[in-house]
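The sequence and structure come first.

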Amino acid sequence: MAELADLAAQLSPGALVTDRDVVDGYRFDRALFCPAGEALVLIRARTVDDVVAVMRFATAHRIPVVTQGARTGLSGGANAVDGALLLNVAGLTEILEIDPVNQVCRVQPGVINADLKQALAAEGLAYPPDPGSVAISTIGGNVATNAGGMCCVKYGVTKDYVRALTVVLADGTLTRLGRETAKGVAGLDLAALFTGSEGSLGVIVEITLGLTPALPAPVTGVGIFPDTEAAGATVSAFMAAGAAPSMLEFLDGATMAMINAYGDFGLPADAGALLLVQSDAPGDDGAAELARFAETATAHGATEVVVSDDPADSDLLVAARRAVAPAMEQYATGIGGGELIDDVCVPRSRLGEFFRRLRLIDEKYDVEVATAGHAGDGNMHPSVVFDARDEAMVAQAQAAFAEIMELGLDLGGTITGEHGVGYLKREWLGRELDAGAARMHRAIKDALDPQGILNPGKML
């Protein structure tokens with residue numbers, strides 16, 4: 001369209017990209033079976049003014065906008081739609097301020113989570129949320145999906161640290177939401193509203209995060225179980241007794257086999273499940289908490305429990321847990337490339353039942369279900385792995401995936417704990433929300449995006 005020349009003139013040099021091969025290279029995030037349209041152009045924003053100009057242009061011409069970061073998402077939320085402007089903010093990478101006195105930092109959305117952690121460590125500070133994609137995902141993307149991670153059981157998720165956001169609204173208005181202080185109840189909590197909104201309400205261009213002092217070194221334990229139900233029962237009992245671990249992660253036998261094939265991690269080859277637990281409680285309290293875990297695990301059928309305060313042991317086990325995604329990807333590629341990663345979260349009191357019924361789903365279909373997850377808060381990631389070249393198997397995989405989401409809802413849980421709705425689960429959001437909640441969602445969307453140009457066809 002001829003008006004694109006006017007937009008290009010308002011942007012940083014080279015920000016607007018029309019080369020079809022380049023634009024098409026930005027069509028997808030990492031989710032499979034989520035369609036992607038043909039975008040009009042790609043804008044690699046370099047400044048906040050670039051974002052403002054894009055949104056003013058989009059509103060004036062009623063053009064959809066899909067905001068992207070590093071495109072590490074697993075729900076299709078960053079996928080292109082036909083005729084859209086792909087607004088990529090991964091180039092906004094400045095850490096604007098680290099304030100040790102008030103324990104806050106201000107960052108742009110393109111800052112990589114791990115890079116922020118490294119910068120904070122030099123100041124004796126920490127930003128606890130640690131998604132599995134910590135080395136490649138951006139803070140902006142983490143905020144957009146309210147990402148979690150392995151420390152959530154004790155330290156919470158992204159929303160617990162978002163103090164303030166600077167946002168560009170659909171019409172190009174630049175506004176500041178929230179506050180930098182630890183307390184503040186003036187008006188509605190609009191920063192919280194935008195956290196987890198998946199680009200459907202506005203474009204986040206600056207984030208103020210609350211921080212903590214550097215986290216202490218943990219004591220680490222591993223429980224080995226004959227089956228997943230025993231591990232689930234252990235989690236329920238351990239947490240019900242008042243435990244406060246800094247990590248409580250789950251791997252099933254199929255996942256451990258994939259990890260061992262991916263790298264030299266030495267996980268038990270014949271176990272049904274593994275729980276990885278850490279405690280960073282002060283003094284001897286951490287060791288005492290791990291001793292209680294050992295007692296609980298043994299009482300619920302663990303075949304072995306090992307506890308160590310050696311940082312090398314801890315690093316190796318955490319590395320094995322972080323290897324889940326690439327290990328499953330390698331395995332899936334070897335059998336035909338099909339992988340649907342689920343993200344249900346259930347009350348941890350019902351984990352034993354969840355695993356029992358998940359096993360029945362696995363047995364029902366001619367696919368493999370391999371599960372890892374954040375056991376301490378009930379957030380499980382069953383991955384349905386299959387041959388994507390086989391249409392019948394694809395249909396079975398999609399049916400199994402749907403049954404897993406139905407299982408999560410049936411147990412009083414949610415269809416997504418941290419990956420977001422995106423395109424992959426948009427049909428299921430309506431099943432989780434009641435009529436009143438659905439009406440409120442639509443009213444908010446219509447008020448902030450009256451033309452419906454922000455990430456259309458996705459979450460809402």
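## Cavity lining and a helix pair

The lining of the largest cavity is made up of six nonpolar residues, one charged residue and no polar ones. The model is a predicted one. The lining residues are Leu-251, Leu-267, Leu-274, Leu-276, Leu-317, Ala-320 and Arg-321. Two or more of the lining residues come from each of β14 (273–279) and α11 (311–322). The biggest share is that of α11, which supplies three residues. The space inside the largest cavity is about 30 Å³, and the count of cavities of 30 Å³ or more is one.

The second topic is the pair α8 and α10. Helix α8 spans residues 228–240 and helix α10 spans residues 285–299; their axes come within 9 Å and cross at roughly 135 degrees. Because of that angle, α8 is oblique to α10. The crossing of the two helices is right-handed.

In the contact, α8 contributes Thr-234, Ala-237 and Phe-238, while α10 contributes Glu-289, Arg-292, Phe-293, Thr-296 and Ala-297. By class, four of the residues in this contact are nonpolar, two are polar and two are charged.

The table sets out the class make-up of the two residue sets.

| Residue set | Nonpolar | Polar | Charged |
|---|---|---|---|
| Contact of α8 with α10 | four residues | two residues | two residues |

Terms used: Residues numbered from 1 in each chain as written. Predicted model: local features only at pLDDT ≥ 70, side-chain atom pairs only at ≥ 80, totals over all residues. Heavy atoms only, no water. 1 Å grid on protein atoms, 1.4 Å probe; cavity = no way out; pocket = protein on both sides within 12 Å on 5 of 7 lines; lining within 4 Å. Points joined across faces, edges and corners; volume = space filled by probe spheres on them. Helix = DSSP H or I, 4+ residues; strand = E, 2+ residues; numbered from the N terminus. Nonpolar A, V, L, I, M, F, W, Y, C, P; charged D, E, K, R; others polar. Axes fitted to C-alpha atoms, helices over the stretch in contact; angles between N-to-C directions. Parallel < 35°, antiparallel > 145°, perpendicular 65-115°, else oblique. Left-handed = near helix turned anticlockwise from the far one by under 90°. Contact = heavy atoms within 4.5 Å.
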